[in-house]
Amino acid sequence: MVNEKSLIDTIIKDGIGRITINRAEKRNAMTLGMWRDLGAVLEAWAENSEIRTLIIAGDGDLSFCAGNDIKEYVTIRVTPEQRETYDATTTHTYDLLRTFPKPTIARITGFCVGGGMELALLCDLQIAADTATFGVTPARLGIGYKLNDVQLLLTNISAKHAKEILYTADRFPADDAVRWGLISRSVPAEELDATIATLAARIAANAPMTVNALKQTIHEAIKAEPNEDLCNALVAACDASSDRIEGQAAFAEKRKPKFTGT
């Protein structure tokens, strides 16, 4: 944990880091302090070689994250200066998750709304219970929605579906979220944890340099002008690694490889 009063719980086991938003009684709504604490964890874990995969979850089954704690707005997001500070904090944490060097998985149950849905979309993979619901609600609150947030939505779904989500401020079921491409997949609620555990373990068992290089290359590949030199350097580093030698030896010897990330 970041500190004794933190509502962001953390654990690392078997190469998998897990962050849990621990505020189930408030549907895991994020306070400004929680955004800061989440950012601190992401910043510290980015360089932790023990972590090969990251899971972000909400406590309990009623909500992944219901977004920002709107009740805070009347005291800490009133003046232009306060709004600027608030947005700078959340944007910094978003950037840390977006650029996190290891694969990230959102474990989604219940409500996944507003800033909570943005948190999920910033992960590489989103695995949801079939009972989960999704929405973005600034139109219901009378607040603006930043260009970066709209762009994040549009990197995942079409403009037509984004318009329906934003204009109505409704919550949509997991079936729609999968069909639109908003999330990776949905599974029966009782299978969610086993599905994610298997997925995370399979990723963590692979060569970490290769997986991390693939993440960076994918991010470059979707850009209008990808950095080809960076991508070539990533490939060269993997080819020169001891993990490449180990992977090929394990394949030839018909055994599981033991990758070290070097």
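**Chat: salt bridges, a helix and a sheet**

Trainee: Quick one to start: are Asp-87 and Arg-77 buried or exposed?

Mentor: Asp-87 is buried, and Arg-77 is buried too. Buried means under 20% relative accessible area, exposed over 50% and partly exposed in between, with a 1.4 Å probe and protein chains only. Keep in mind that this is a predicted model, where local features need pLDDT of at least 70, side-chain atom pairs count only at pLDDT 80 or more, and totals for chains, interfaces and linings use all residues. Residues are numbered from 1 along each chain as its sequence is written, and side-chain values use heavy atoms, leaving out hydrogens and water.

Trainee: Thanks! What do the side chains of Asp-87 and Arg-77 meet in?

Mentor: They meet in a salt bridge, at 2.9 Å from N to O. The term stands for a side-chain nitrogen of Lys or Arg within 4 Å of a carboxyl oxygen of Asp or Glu.

Trainee: And which parts does the pair tie together?

Mentor: Asp-87 lies in helix α3 and Arg-77 in the loop between α2 (73–76) and α3, so the pair links parts ten residues apart in sequence. Helices (H or I, at least four residues) and strands (E, at least two) are DSSP runs, numbered from the N terminus.

Trainee: How many salt bridges does the structure hold?

Mentor: The structure holds ten. One of them joins Asp-95 to Arg-98, with the closest N and O atoms 2.5 Å apart. Both residues lie in helix α3, three residues apart, which is about one turn of the helix. Asp-95 is partly exposed at 34% relative accessibility, and Arg-98 is partly exposed at 33%.

Trainee: Which residue does Arg-107 meet in a salt bridge?

Mentor: Arg-107 meets Asp-193, at 2.6 Å from N to O. Arg-107 is in strand β5 and Asp-193 in helix α9, so this pair ties together parts that are 86 residues apart in sequence. Arg-107 is buried, with a relative accessible area of 6%, while Asp-193 counts as partly exposed at 43%. Salt bridges with shared partners join Asp-61, Arg-107 and Asp-193 into one network.

Trainee: Staying with α9, which of its residues are buried?

Mentor: Leu-192, Thr-195, Ile-196, Leu-199, Ala-200, Ile-203 and Ala-204 are. They sit on the same side of α9, because they cover an arc of only 155° around the axis; the arc is that of the directions from the helix axis to the C-beta atoms. Ala-194 and Arg-202, on the other side of α9, are exposed.

Trainee: What covers the buried residues of α9?

Mentor: The cover includes β2 (16–21), β3 (53–58), β5 (104–108), β7 (125–129), β10 (185–187) and α10 (208–221).

Trainee: New topic: in what order do the strands form the open sheet?

Mentor: Six strands run in the order β1-β2-β3-β5-β7-β10, with mixed pairing. Two strands pair if DSSP finds at least two bridges between them. The edge strands are β1 (8–13) and β10, each of which pairs on one side only.

Trainee: In which sense do β2 and β3 pair?

Mentor: They pair in the parallel sense, over six bridges. As an example, Gly-58 in β3 is the bridge partner of Ile-21. Helix α1 (residues 32–45) packs on the sheet and touches β1, β2 and β3, where contact means heavy atoms within 4.5 Å. The direction of α1 makes about 20° with that of β1; axes are lines fitted to C-alpha atoms, for helices over the stretch in contact, and angles run from 0 to 180 degrees between N-to-C directions.
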